[in-house]
Amino acid sequence: MELKSYPRPDLEARLLLEKAASWETKDLVINFDLPCRADLIRRYKRLLQQRKRGCPLALILGKKEFWSLPFKVKKGVFIPRPETEVLVELALKLPWNERGLVADIGTGCGVIACTIANERPEAKIIATDISRRAISLARENAEKLGLKNIKFIAGSFFQPLQKMGLEHQLDLIISNPPYVSEDQWPSLSREIREYEPKRALVAGSSGLEFIFKLIEEAPVFLRPEGLLVFEFGLGQLNPILSFLEKEGWKEVFWERDLAGIPRAVAARFQ
Ligand SMILES: C[S@@+](CC[C@H](N)C(=O)[O-])C[C@H]1O[C@@H](n2cnc3c(N)ncnc32)[C@H](O)[C@@H]1O
């Protein structure tokens, strides 16, 4: 079997066939007994070759589901990962003013901003990213989902919030930041290195540079009692907890992902 080195070859084969035929799953069931046309076989083989060369399945399909919502994805923008749902879950279960102002820093294709906007329709979300390509894709995703309560702005870190004069206005700051170290980058799979932008994943020599900046600068933009929630990687929990304490953050909560790895942290600044 051509896809046997992937964890779910049967599922991948079905999804690629649906893509080749422009079918949904129900069409595949209905058309199951039909003989395959030569052009469909050709298109299917082309997609199989793309996948075997290491192109991520989500990029071939052009879409990825997150929190049961459909998102368009494309090369050059970070592909959302299922573990980020833990981050969103943590933000949604903790109390904050749900009619208030939220910032998603490093929005990528917009999964976090769109999910929060959908779950908390009275909140106003500002989604930022350094990548204009990401911002335009995130905007397209929000439009397709019919979400009107998100503003998308390109810019680095807190610069867009600063430009808008939002000091001490935010009720929630959420981020899935880059958190891989420079040293780890070469050991990531070819699938990641060739198809996703390095700056979406790598944050300096320790991998903690973006996160530490979030911890240092978020108090300038949060209201009193405002919440900071962010994702992090393997082995980063202890340095993050120490830094949060050193910087004066209180009420710290953290969660593991489905693989049991500590993955998301929330804290209030008082
Ligand atoms: C790990 S990706 C997360 C994307 C998305 N939030 C998600 O969870 O799928 C990190 C994002 O941060 C953005 N980014 C990197 N450096 C940045 C910076 N200095 N300021 C703002 N965004 C940045 C990248 O372009 C990328 O989209």
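This is a predicted model: local features need pLDDT of at least 70, side-chain atom pairs count only at pLDDT 80 or more; totals for chains, interfaces and linings use all residues.
Trainee: What makes the radius of gyration of the protein agree with a compact globule?

Mentor: Set the value against the rule. For 270 residues, a compact globule would have a radius of gyration near 18 Å. The protein has 20 Å, which agrees. The C-alpha atoms fill a box of roughly 65 × 40 × 30 Å along the principal axes.

Trainee: Why is leucine 172 called buried?

Mentor: The cut-off is 20 or more other C-beta atoms within 10 Å. Leucine 172 has 26 C-beta neighbours inside 10 Å, so leucine 172 counts as buried. Its place is in strand S6.

Trainee: What share of the 270 residues is buried?

Mentor: Buried residues make up 36%.

Trainee: Which residues does leucine 172 touch, leaving out those up to four places away in sequence?

Mentor: Ala91, Trp96, Val102, Gly226, Leu227 and Val229. Contact here requires C-beta atoms within 7 Å. Glutamate 225 is another reference point: 53 residues from leucine 172 in sequence, and 9.4 Å away in space, C-alpha to C-alpha.

Trainee: How many contacts in the protein join residues at least 24 apart, among those between residues at least 6 apart in sequence?

Mentor: The figure is 67%. The elements involved come from twelve helices and nine strands.

Trainee: Which residues of helix H5 are buried, and what do they pack against?

Mentor: In H5, residues 84-93, the buried ones are Thr84, Glu85, Leu87, Val88, Leu90 and Ala91. They pack against H6 and strands S1, S6, S7, S8 and S9.

Trainee: What makes the crossing of H5 and H6 right-handed?

Mentor: The crossing of H5 and H6 is right-handed. The axes come within 11 Å and cross at roughly 35 degrees. H5 contributes Thr84, Val88, Ala91 and Leu92 to the contact. H6 contributes Val111, Ile112, Thr115, Ile116 and Glu119. By class, that contact has six nonpolar, two polar and one charged residues.

Trainee: What surrounds the ligand?

Mentor: The shell has 21 residues, and the closest are Gly106, Gly108, Ile130, Asn176 and Ala200. Helix H6, strand S4 and helix H10 each supply at least two residues of the shell.

Trainee: How do you know the classes in that shell?

Mentor: Sort each residue by type. Ala and Ile count as nonpolar, and Gly counts as polar. Over the shell, this gives eleven nonpolar, eight polar and two charged residues.

Note on methods. Residues are numbered from 1 along each chain as its sequence is written. A residue is near a molecule or strand if its C-beta atom, placed from the backbone, lies within 6 Å of it. Helices (H or I, at least four residues) and strands (E, at least two) are DSSP runs, numbered from the N terminus. The radius of gyration is taken over C-alpha atoms; the globule rule is 2.2 Å times the number of residues to the power 0.38. A residue is buried if 20 or more other C-beta atoms lie within 10 Å of its own, exposed if 12 or fewer, and partly exposed in between; C-beta atoms are placed from the backbone. Two residues are in contact if their C-beta atoms, placed from the backbone, lie within 7 Å. Axes are lines fitted to C-alpha atoms, for helices over the stretch in contact, and angles run from 0 to 180 degrees between N-to-C directions. A crossing is left-handed if the near helix is turned anticlockwise from the far one by less than a right angle, and right-handed if clockwise.
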